[in-house]
Amino acid sequence: MIDLNNSLASDIKNLEFLAKQVVEGFITGLHKSPFHGFSVEFSEHKLYNKGESTKHIDWKLFAKTEKLYTKKYEEETNLRCHIILDNSASMHYPIVKTPSLDKLNKVGFSAVAAACLMEILKRQRDAVGLSIYSDSYEYYAPEKGSERHRKMILHQLEQIIHSSSNKNTHTYQYLHEIAEKIHRRSLIFLFTDMFQTTSNEESLFDALRHLKHQKHEVILFHTYDKDLEFSFNFDNAPKKFIDVETGEEINLYAENVQEKYTELTQTFFKKLKNKCLQYKIDYIPINIHEGYNDVLTSYLIKRQKIL
């Protein structure tokens, strides 16, 4: 697949147009990858199963492929999807003055990724909703498929990319609230760095489990800056590190804590992955500097399983 970050390094001024470019590049890449079979999904076809009615077989496609496909209609392909976005202060790290596709903080990356998902959802005629939270439940839009609704959500995402935040969060609290709002079975995308002002991991895992209520399918996109937040790769000069959500400060040499820090971070990632496996949640760690392919591919794989 192509490197979308390097091929589209423009300033983010029109999120809808940018999302279309990313998705077009992604679809082109599908034809050159092991996932080329997913291109069938974009044509709104499914393989014919023996015993089904033959009235919906696409005979023109059969003439080209010598395989039997039936046409999928709007009522068959509709899927309800809900995007959840963490807008707390830690998601606005690292600080970026002029956002562009190859230079984004975590929340900016998540907003662009959400817009790209929406572009594919639009092509699939799937309904989409959006929730945004930080130290409050900031925004909620239910799942709808209209163009007006989609543009309203895109506007919210554009505002997030160009905003700043000093708000802390109790992620678990707002995940519980969001879970209570989504009543009909949906595919849920959660973008968060999993940082919160409490160290009570069980509360966080309980909230993730709540999202599985009503038989929702959940994909957790764990967003992080691998170089800085995972590997703690800072030069070995004395630095002041500030917790962006609590304001706590500490002076230290990065080299003195790097090994222990990385060990603890790896442990947390592994525990989170295992908990998600236990709750049947798709756990996708996303380094914000590696593009959008993993996000979009995860959606296609999940959609194929659901439908």
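Which residues does Ser90 touch, not counting residues up to four places away in sequence? Ser90 touches Lys106, Asp193, Phe195, Val244 and Glu245. Contact here means heavy atoms within 4.5 Å.

Some ground rules. This is a predicted model, where local features need pLDDT of at least 70, side-chain atom pairs count only at pLDDT 80 or more, and totals for chains, interfaces and linings use all residues. Residues are numbered from 1 along each chain as its sequence is written, and side-chain values use heavy atoms, with hydrogens and water left out.

Back to Ser90. It sits in the loop between β3 and α6. Helices (H or I, at least four residues) and strands (E, at least two) are DSSP runs, numbered from the N terminus. Is Ser90 buried or exposed? Ser90 is buried, because its relative accessible area is 6%. The cut-offs: buried is under 20% relative accessible area, exposed is over 50%, and partly exposed is in between, with a 1.4 Å probe and protein chains only. The side chain of Ser90 also makes a polar contact of 2.7 Å with the side chain of Asp193. A polar contact is a pair of N or O atoms within 3.5 Å; within protein, one must be able to donate a hydrogen and the other to accept it, and residues adjacent in sequence count only if both atoms are side-chain atoms.

The peptide bond from Tyr93 to Pro94 is cis, with omega near -5°.

Next, the helix pair. The axes of α6 (residues 106-123) and α12 (residues 293-306) come within 10 Å and cross at roughly 35°. Axes are lines fitted to C-alpha atoms, for helices over the stretch in contact, and angles run from 0 to 180 degrees between N-to-C directions. Who makes the contact? From α6 come Ala113, Cys116, Leu117, Ile120 and Leu121; from α12 come Val295, Leu296 and Tyr299. That set divides into eight nonpolar residues, no polar and no charged. Ala, Val, Leu, Ile, Met, Phe, Trp, Tyr, Cys and Pro count as nonpolar, Asp, Glu, Lys and Arg as charged, and the others, Gly among them, as polar.

Take Leu121 from that list. It lies in α6. Leu121 counts as buried because its relative accessible area is 0%. Leaving out residues up to four places away in sequence, Leu121 touches Cys81, Asp126, Val128 and Tyr299. Leu121 and Cys81 are 40 residues apart in sequence, yet 8.3 Å apart in space, C-alpha to C-alpha.

Arg125, in the loop between α6 and β4 (127-133), has phi near 65°, a positive value in a residue other than glycine. Arg125 is partly exposed, at 40% relative accessible area. Phe232 is not a glycine either, and its phi is about 50°. Phe232 lies in the loop between α10 (226-230) and β8 (239-242). Phe232 is buried, with a relative accessible area of 9%.

Trp59, in helix α4 (residues 59-65), counts as exposed because its relative accessibility is 52%.

Last, the whole chain. There are 12 helices and 10 strands. Buried residues make up 50% of the 307 residues. Among contacts between residues at least 6 apart in sequence, 77% join residues at least 24 apart.
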